[in-house]
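Good morning, and thank you for the time.

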Amino acid sequence: MTSLNITSGETALPGAPSVTLDSGDRCIPQHYLAYTHSRQTVEQVIRDCQFDDDYLIMAGEDQQGLFIQIGVIGFDTYRPRHKQTKRKLVYGRRWRIEPHFPTSELIQTIFLAVKKAREHEVRERFKLTINGQQSAPFSTHQDLPLFVRQADTLRHRQNGQALSQFRKEAVALCRQLRFDHAALSILNIEQRYNGHLLVDIALRPTAFAELAETQITTDTLLLKSPSTNELLFALMDLFIKRSSDQVAEHFTYQSIARFSQAYSAVSLANLSLQTRQRNTEAKHSEFYHQLAAHNECIDRNRAPLVVGRKLHADVEARLSRHCDIEGFMPAPANDN
């Protein structure tokens, strides 16, 4: 039977009972711990996380508190690759970290930060050639206020299309597409009895490819209708999923790929049940009262102070539509 393991930044609540797992190991479940993470403990968790040398996981602290930030090393996706000799370091958004985050939430935030930083790059690597120039239609750098003003002209208006015409347009469209410098081509299109289409796509990478999953592959897309616009969205979804899978299989904490499909979802559900079975002995009743008070304090402190009278009024109006709702309501900030 192994000894109980408490990570730095974690403290067992007074009187917290331990749980004996089916494996024979003992643990104090994470929901019986108090957390006081600091820059030092966050840095230690980060050092226990690994993914890819091109994705730097960093911690920082400013006047607003702790944060996680990902640095990405790569070639500029907005400049021709053959004109670049050096890669560039760019930074993603800052992910705020609450000191009372459970360590599991901290690790999941790091995982999500890596996944979203990579998705940002993936979206910029999907290029469509228009009038001899390449553009990334799904880039996150689109001007959204401008999009709203131009929404009517941007709306897709293609009506029902014959399968034969869709085949021609889809093949021609793929000649204009590149993903991570790889060419795409259509191998086959098959229509199912319900009108949905199966589209087999081939990817042919070049020496300029940077992503690990950009290899010679074939994939099958499912479209609800013969629409080239739907085809573009389906391709983008495919590349994002492949990127997410890459992160899930190779992001590790203490050398374990926690989010990998190599681990049984059923076994994970069973482990969770084991840690959530209450100790029914009378000596632990006082602990559960203290635990409820502790959790209530955490929940109360998470309720935000909403900046701006109008925004707070909007939130209040929406909450008023619910006749029975529990929890701690957001309050207006003092400097409104």
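Axes here are lines fitted to C-alpha atoms, for helices over the stretch in contact, with angles running from 0 to 180 degrees between N-to-C directions. Helices (H or I, at least four residues) and strands (E, at least two) are DSSP runs, numbered from the N terminus. The model is a predicted one, in which local features need pLDDT of at least 70 and side-chain atom pairs count only at pLDDT 80 or more, while totals for chains, interfaces and linings use all residues. Residues are numbered from 1 along each chain as its sequence is written, and side-chain values use heavy atoms, with hydrogens and water left out.

The axes of α2 (residues 103-125) and α6 come within 9 Å and cross at roughly 145°. Contact, meaning heavy atoms within 4.5 Å, involves residues including Phe111 and Arg118 of α2 and Phe239 and Ser243 of α6.

I turn to the nonpolar cores. Such a core is a set of buried (under 20% relative accessible area, 1.4 Å probe, protein chains only) Ala, Val, Leu, Ile, Met, Phe, Trp, Tyr and Cys residues joined through side-chain atoms within 4.5 Å. The largest has 29 residues, and Phe126, Leu177, Val199, Leu231, Leu235 and Phe239 touch the most other members. Helix α6 gives this core its largest share, eight residues. A second, separate core of 26 residues includes Ile46, Cys49, Leu106 and Ala248.

Finally, where is Ser139 placed? Ser139 sits in the loop between β10 (133-135) and α3 (144-149). Ser139 counts as buried because its relative accessibility is 7%. Beyond four places in sequence, Ser139 is in contact with Tyr78, Arg123 and Glu124.

Notes: Buried means under 20% relative accessible area, exposed over 50%, partly exposed in between (1.4 Å probe, protein chains only).
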